[in-house]
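Hello,

Here is the structure I promised to pass on. Please have a look at it first; my notes follow below.

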Amino acid sequence: MVLLLRQRGRMTADELAGELEVSARTVLRDIDALSTAGVPVYADRGRRGGFSLLPGFRTELTGLNHDEALALLTAGSGRGEKVFGLSTALASAMRKVVDALPEGHRANLDDAARRFLVEPETDLLSRRLTTEDMADGVMSEVRHALLTGHKLRFDYAAPDKKPRSHTVDPIGLVTVRDRTYLLAAKAGEDRTYRLSRMLTAEELPELAERPAQVDLDRIWAERSAQFLSENHIPVLVRVAPSRREELLNAARAVRAEESEADGWARLDVTFEDLRHAVWAIWQLDTAAEVLAPDSLRLALHDRAKILAARYEISRG
């Protein structure tokens with residue numbers, strides 16, 4: 001609240017409540033607490049009234065240079081601020097950084113940060129980037145259980161299956177392409193869960209059984225390799241540069257990629273099954289060529305043959 005008043009000047013109780021995601025009554029109570037603690041906050045009465053701080057009151061943060069402050073402001077300016085459910089904490093941290101900078105420095109940084117855009121909601125082709133939604137309270141429960149080292153219980157709805165309850169030992173959280181995964185152990189076995197499929201989550205009082213030290217890079221690499229080897233169809237495909245991102249979005253995973261002399265890319269990707277692979281490649285029209293497996297080439301050939309016959313027009 002102090003930082004908001006420092007940066008924006010006079011604000012009403014409703015404005016503060018909306019910014020801080022609390023009730024107006026909570027704002028009034030906190031204003032009284034600040035006054036009691038000696039913070040020079042005062043109220044202006046009337047229709048244009050609100051709360052203000054006496055000029056000159058500020059916090060201090062030393063040792064932060066221009067590029068360091070710019071890096072923090074830029075990193076917090078995009079969709080990444082929602083990662084791991086820490087958007088509110090990040091917004092508070094950004095206010096503290098900005099408030100603690102010298103006046104002239106603060107104005108220059110505000111202009112500089114506006115000239116960087118991190119991960120907009122659409123790309124150059126106006127395709128909206130997808131972000132998975134999570135049930136209310138799931139992320140905070142998962143994150144807290146992970147950091148306190150407690151067991152976690154949640155209801156999980158895997159695709160085409162009825163929801164099931166799981167009790168696990170959380171190991172780490174990983175976010176990849178706007179999807180967040182919980183790496184955990186269940187009865188000593190490695191497990192990976194997508195948070196968007198958790199319907200509920202509850203931190204348990206029992207301590208988790210897990211190693212004291214963790215190497216998430218190594219664990220993620222191992223689980224990725226295991227995922228690629230189970231119940232998926234590998235596909236070797238050539239794709240034009242203009243449709244590469246579309247292919248990556250449709251594929252379940254990318255095993256390898258290399259550039260070819262004609263500018264096309266050769267990718268080793270995986271799909272859920274043959275039907276999924278046919279659907280994904282067909283969307284790319286003539287901008288893709290499947291090199292393997294033969295089962296997918298045959299399926300695409302048969303589909304093209306049927307459509308060619310259906311739309312055949314006599315040129316006589």
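A residue counts as buried when its relative accessible area is under 20%. By that cut-off, both F154 and Y156 are buried. Keep in mind that this is a predicted model.

First, the overall picture. The protein chain has eleven helices and eleven strands. Of its 316 residues, 33% are buried. Its accessible surface is about 20200 Å², and carbon and sulfur atoms hold 51% of that.

Next, the aromatic rings. The whole structure contains four aromatic pairs. One of them is F154 with Y156: the ring centres are 6.1 Å apart and the planes lie at 70 degrees, so the pair is edge-to-face. F154 also pairs with Y193. Here the centres are 4.9 Å apart and the planes are at 75 degrees, so this pair is edge-to-face as well. F154 belongs to strand β3 and Y193 to strand β6, so the pair ties together parts 39 residues apart in sequence. Ring pairs join F154, Y156 and Y193 into a cluster. F154 has a relative accessibility of 1%, so it is buried. Y193 is at 4%, so it is buried too.

What does H166 touch? Beyond its neighbours within four places in sequence, H166 contacts L152, R153, F154, Y156, K186 and Y193. H166 sits in strand β4, residues 164–176. Its relative accessible area is 9%, so H166 is buried.

One last item. The charged end of R303 sits over the ring of W282, 5.1 Å from the ring's centre.

Best wishes

Technical notes. Residues numbered from 1 in each chain as written. Predicted model: local features only at pLDDT ≥ 70, side-chain atom pairs only at ≥ 80, totals over all residues. Heavy atoms only, no water. Helix = DSSP H or I, 4+ residues; strand = E, 2+ residues; numbered from the N terminus. Buried < 20%, exposed > 50% of the residue type's maximum accessible area, 1.4 Å probe, protein only. Areas by Shrake-Rupley, 256 points an atom, 1.4 Å probe, with all protein chains shown as cover. Contact = heavy atoms within 4.5 Å. Phe/Tyr/Trp six-rings, centres within 6.5 Å; stacked < 30°, edge-to-face > 60°. Lys NZ or Arg CZ within 6 Å of the ring centre and 35° of its normal.
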